[in-house]
Amino acid sequence: MHWIDTHCHLDAAEFGGDAVAVVGRARAAGVVQMVVPAVARGNFATVRALAHTHALAYALGIHPLYVDRADDADIEHLAQALEAHRHDQRLVAVGEIGLDHLVPDTDRARQERFYAAQLRLARAMNLPVILHVRRSADTLLKHLRRTPVPGGIAHAFNGSDQQALAFVALGFKLGFGGAMTFERALQLRRLAQTLPLEVIVLETD
């Protein structure tokens, strides 16, 4: 069986720069493709280089937990990067973008402004999005209804049945990540069992 890892931050320090070995082990296990999402302007070039070096896919975007240290000009830089690489077949989405309502003392209004701006870019470029969803599903959905995009992935989804179906109705797939392995994640496990298999994606994060 062949697998696609739809969310792998291969440029993260935890990998120790050992991308060759990581990709090799993944492919030996049947993972035929991996998507490496960016989190900030500073790693746009890194994820693109990784994708081209190792024949992977990548996404460009500004993560909600990075917007506090991002400049407003970073949105324009993202727009320029998306335009510059719009014919790059390895560029598959705008991401990782979204909202994080779990981490305290974050500027939610700023997160929402960056999220809305990046949705507009995805719509303009006709690209799907990779969404960071932490206790923010309803607000994410509200913006998606205002600014429809060509689908995408609700990453690390841990919401209700109703929210799951709302994402699916908007053309999204759902990734559950490692949370589904938690003993207390009974609702998440039940949701994974009841949803059609074609709307669930694999992700390691």
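**Entry 1: aspartate 88**

I began by noting that this is a predicted model. Where does aspartate 88 lie? I found aspartate 88 in the loop between helix H3 (73–84) and strand E4 (91–100).

Next I asked myself: is aspartate 88 buried or exposed? Its relative accessibility is 12%, and buried means under 20%, so aspartate 88 counts as buried.

Then I looked up the partners of aspartate 88. Its side chain joins that of tyrosine 58 through a polar contact of 2.7 Å. A polar atom of the aspartate 88 side chain also lies 3.0 Å from the backbone nitrogen of arginine 90. Leaving out residues up to four places away in sequence, I listed Arg48, His52 and Tyr58 as the residues that aspartate 88 touches.

**Entry 2: helix H6**

I moved on to helix H6, residues 161–169. Which residues of H6 are buried? I wrote down Gln163, Ala164, Ala166 and Phe167. These cover an arc of only 160° around the axis, so they sit on the same side of H6.

I then turned to the face of H6 pointing away from that buried side, and there I found the exposed residues Gln162, Leu165 and Ala169.

What covers the buried residues of H6? My list includes strand E5 (129–134), helix H5 (137–146), strand E6 (152–155), strand E7 (172–175) and helix H7 (186–194).

Last, I checked what comes after the helix: glycine 171 follows H6, and its phi is positive, near 90°.

Definitions and conventions:
Residues are numbered from 1 along each chain as its sequence is written. This is a predicted model: local features need pLDDT of at least 70, side-chain atom pairs count only at pLDDT 80 or more; totals for chains, interfaces and linings use all residues. Side-chain values use heavy atoms; hydrogens and water are left out. Helices (H or I, at least four residues) and strands (E, at least two) are DSSP runs, numbered from the N terminus. Buried means under 20% relative accessible area, exposed over 50%, partly exposed in between (1.4 Å probe, protein chains only). A polar contact is a pair of N or O atoms within 3.5 Å; within protein, one must be able to donate a hydrogen and the other to accept it, and residues adjacent in sequence count only if both atoms are side-chain atoms. Contact means heavy atoms within 4.5 Å. The arc is that of the directions from the helix axis to the C-beta atoms.
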